[in-house]
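Please read it with the structure open.

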Amino acid sequence: MVRWILLSLLTLNAATALTAETKWKRIQIDGVFRAEGVAAGDFNKDGQMDVAAGDYWFAAPDWKRHEIRQPLDRMAKPTEGYDGTTGYSNTFASWAYDVNGDGWTDVINIGYPGAPCYWYENPKNADGLWKQTEIWHSACNETPLFTDVTGDGKPELIMGSQPERQLGYLSVPPVEKCYEKWKFVPINEAGEPNQNGTFMYYHGLGTGDVNQDGRLDVIIPHGWYEAPEKRDAGLWAFHPLMLSENNDGKVLPASNIHVLDLDLDGDQDIVMSSAHAFGIWWFENPGLNTTEPFKYHLIDKSFSQTHALALVDLAGDGKLSFVTGKRYFAHQGSDPGGRDPVVMYQIGFQRGKGQPPKFDLQEIIAGKDTGVGTQFEMIDFNKDGKLDIVLSNKKGVNVLIQE
């Protein structure tokens, strides 16, 4: 046990880099605070990747700004954007997707927690605002997801809903029903307490195959919902976890949650990061046939407000890395470390059977500080086979190109 603890501590300052050094080039699209979430897609069908951030989309390669909608917050001004020192944007997450099946990429937008969420219909290069259609009347949990949790090959929105206080998913409707509200499929009882992921400001959400039955489960810091064979046949069984530092019941507020076998012992461990304080952590699975809690391990606590965490194959070589960074002024500078310099990191790791993983933090340096928002996108932006980073936050709208 002592050897295990010592090895875990040594991984925090590994002398040898586990991943090759990656160089990045920054493209500043807009220096104004537009949104905390972002979407990348070819919105004008010219073969180049564009960027949507909140009320606007920016056309490559000169990044001319085009209006998607009038700002939902009338305090936002076209030239000045939102005031990040006093408030928030009306985009916490966004995705590019052809909702109505017409071959043009639309935009899905999750606004302020608890508010309605919408999709915006691409006008096919015509002038004017994009048609707004309500998806659902309430989008809760500060890390909503758009991923294929049902296994049908198409992504679903995963989020909580108020006032029902239920966690669930919404499938993209058939084309003939695309202007109707999407169907919400709950996975827990209505009116469940806030710690079950349904509160509008709840922190932490992810998907992963916790019990290795071939189906994606839904994970929150308080536990995980087990996906049944028929996903919409009824409520999902809940398994408490209480992911905390000292097993004291004080669950750690997180952002994205990822599931993978970090110590190669055959079961699934959990990785998550702190939305408003210091800490990136992994939790060691004691095995599904025990009632022991998942064991806390610290990966890093050198920077705070890691309000979004991605797990990706950066170079296309089969090696996974985490990507995260500091969300600047998440609560207007009042969070722990809220006024510290903004940084971004890629976190490589090396796994050995029955051994704790070794982590290697490499700072992502690309010109001036950028940081993450509440959601960011990893995509091959310049089509060179490597993933790039698309960001929108209180530092503006940026793309970091992997060189």
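Is Asp369 buried, partly exposed or exposed? With a relative accessible area of 32%, Asp369 is partly exposed; buried stands for under 20% relative accessible area, exposed for over 50%, and partly exposed for what lies in between (1.4 Å probe, protein chains only).

1. Basis. This is a predicted model, in which local features need pLDDT of at least 70 and side-chain atom pairs count only at pLDDT 80 or more, while totals for chains, interfaces and linings use all residues. Residues are numbered from 1 along each chain as its sequence is written, and side-chain values use heavy atoms, with hydrogens and water left out. Helices (H or I, at least four residues) and strands (E, at least two) are DSSP runs, numbered from the N terminus.

2. Asp369 and its partner. Asp369 forms a salt bridge with Lys395, with 3.4 Å between the closest N and O atoms. A salt bridge here is a side-chain nitrogen of Lys or Arg within 4 Å of a carboxyl oxygen of Asp or Glu. Asp369 sits in the loop between β25 and β26 and Lys395 in the loop between β27 and β28, so the pair ties together parts that are 26 residues apart in sequence.

3. Other salt bridges. The structure holds 10 salt bridges. In one of them, the side chains of Glu36 and Lys394 meet at 2.4 Å, N to O. Glu36 belongs to the loop between β1 (24-30) and β2 (39-41) and Lys394 to the loop between β27 and β28 (396-402), so this pair ties together parts that are 358 residues apart in sequence. Glu36 counts as buried at 1% relative accessibility, and Lys394 is buried as well, with a relative accessible area of 12%. Lys230 forms a salt bridge with Asp232, the closest N and O atoms being 3.4 Å apart. In that pair Lys230 is exposed, with a relative accessible area of 53%, whereas Asp232 is partly exposed at 42% relative accessibility.

4. Glu142. This residue is in strand β10 (residues 140-147). Glu142 is buried yet has no salt bridge, and the nearest side chain of opposite charge, Arg327, is 4.5 Å away. For charge, Lys and Arg count as positive and Asp and Glu as negative, while His and the chain ends are not counted. The side chain of Glu142 does make a polar contact with the side chain of His307, at 3.2 Å. A polar contact is a pair of N or O atoms within 3.5 Å; within protein, one must be able to donate a hydrogen and the other to accept it, and residues adjacent in sequence count only if both atoms are side-chain atoms. Not counting residues up to four places away in sequence, Glu142 touches several residues, among them Phe92, Tyr202, His203, His276 and Thr374 (contact means heavy atoms within 4.5 Å).

5. Ser94. Ser94 is found in strand β6 (residues 93-97) and is buried, at 1% relative accessibility. A polar atom of the Ser94 side chain lies 3.0 Å from the backbone oxygen of Ile108. Leaving aside neighbours within four places in sequence, the contacts of Ser94 include Gly37, Val38, Val107 and Gln375.

6. Phe283. Strand β20 (residues 278-284) holds Phe283, which is buried at 0% relative accessibility. Beyond its neighbours within four places in sequence, Phe283 is in contact with residues including Leu243, Leu252, Ile270, Met272 and Phe294.

7. Backbone geometry to check. Most residues other than glycine have a negative phi, and most peptide bonds are trans. The peptide bond from Ala60 to Pro61 is cis, with omega near 0°, and Pro61 is in the loop between β4 (56-59) and β5 (64-67). The bond from Gln162 to Pro163 is also cis, with omega near 5°; Pro163 lies in the loop between β11 (156-161) and β12 (166-171). Asn125 is not a glycine but has a positive phi of about 70°, and Lys383, not a glycine either, has a positive phi of about 60°. Asn125 is partly exposed at 47% relative accessibility; Lys383 is exposed, with a relative accessible area of 57%.
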